[in-house]
Amino acid sequence: MGVADKKRILYVQRRAPYGSLYAQEALEMLLMGAAFGQRVSIAFLDDGVFQLKADQQPGALGMKNYGRMVRALELHDLEGIYVERESLAERNIESGQLVLPAEVLPRAELSQLMAAQDMVLSF
Amino acid sequence: MKFALLVNEGPYQHQAADSAWHFACAALARGHGISRVFFYHDGVYNGTRLGVVPQDERHIPERWSALAEEHGVDLVICVAAAQRRGILDAAEGRRHGKGTDNLAEGFRIGGLGQLIESGIEADRLLVFGD
């Protein structure tokens, strides 16, 4: 399959990493789906930006450390890992506090990115 | 147009499963196709056959089953999400030594590949979530 035939798929992470399973299962979907050879990107916005915070310590919750799981994104050949600038600012998070290097995009550009996709999977 | 649907919420607690079903019915009535409905997250609970619903309420799993029977819609439950939540077909029930199964008529257990495949083949993939 040539690049032109591949579909652009964007996963949108909108929720905090703990308190529900949305973030973890969405990540599992991406990591499984990445094996199907499409053009995959992921964007973190709203409370989803908390998923990228370094030094997560969920031990007391009895949940898996999402901060460790999410670093697996770096091992995959993704088109892009994006985080929304406004969402970071609203939550007083700086890009230097993130667990992996993500491209910081303003909201307006993120909506353009969404418009350019074949599939947008929002969680 | 050919649609594929992704349902991310369970029945009753959220509107998503109802909206997805209504959309599917409306699209089929207008001559469109629903190639597949894929259930993820708590959406897998749409596929239990053990729900006992008060008679004056809609029976969401049975509505899905009827849609599969009448229109041949492929209802696929994600295996990983289903195993976590105790939704098993006969084969999975045996494989994990549970001695039972609870998958409703017309549903089948599948993998994420089937979601990606539907997204690629359909004209539109619609996500129904909270």
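Let's start with helix H1 of chain A: H1(A) lies across strand S1 (8–13) and S2 of chain A, and runs at about 160 degrees to S1(A). That angle is taken between N-to-C directions on a scale from 0 to 180 degrees, with axes being lines fitted to C-alpha atoms, for helices over the stretch in contact. Helices (H or I, at least four residues) and strands (E, at least two) are DSSP runs, numbered from the N terminus.

A quick word on what you're looking at: this is a predicted model, where local features need pLDDT of at least 70, side-chain atom pairs count only at pLDDT 80 or more, and totals for chains, interfaces and linings use all residues. Residues are numbered from 1 along each chain as its sequence is written, while chains are lettered from A and ligands numbered from 1 in the order in which they are written.

Now, the sheet in chain A. Five strands make an open, parallel sheet in the order S4-S3-S2-S1-S5. Strand S4 (103–105) and S5 of chain A are the edge strands, each pairing on one side only. The twist from one strand to the next averages 25 degrees. Pairing here needs at least two DSSP bridges between two strands; S2 (residues 39–44) and S3 (residues 80–84) of chain A have four, in the parallel sense.

Over to where the chains meet. Here 12 residues of chain B are in contact with 13 residues of chain A, contact being C-beta atoms, placed from the backbone, within 7 Å. On the chain B side, helix H3 (79–85), helix H5 (112–121) and strand S5 (124–128) each supply at least two residues. Which of them gives the most? That's H5(B), with five residues.

So let's look at H5(B). Its buried residues are B:Leu112, B:Leu115, B:Ile116, B:Ser118 and B:Gly119; buried is 20 or more other C-beta atoms within 10 Å of the residue's own, again placed from the backbone. They sit on the same side of H5(B), because they cover an arc of only 160 degrees around the axis, judged by the directions from the helix axis to the C-beta atoms. Among their packing partners are H1 (22–33) of chain A and S5 of chain B.

Last stop, B:Phe128, in strand S5 of chain B. Why is B:Phe128 counted as buried? Because B:Phe128 has 23 C-beta neighbours inside 10 Å. Its C-alpha atom is 7.1 Å from that of B:Ala17, 111 residues apart along the chain.

How values were computed. Two residues are in contact if their C-beta atoms, placed from the backbone, lie within 7 Å. A residue is buried if 20 or more other C-beta atoms lie within 10 Å of its own, exposed if 12 or fewer, and partly exposed in between; C-beta atoms are placed from the backbone.
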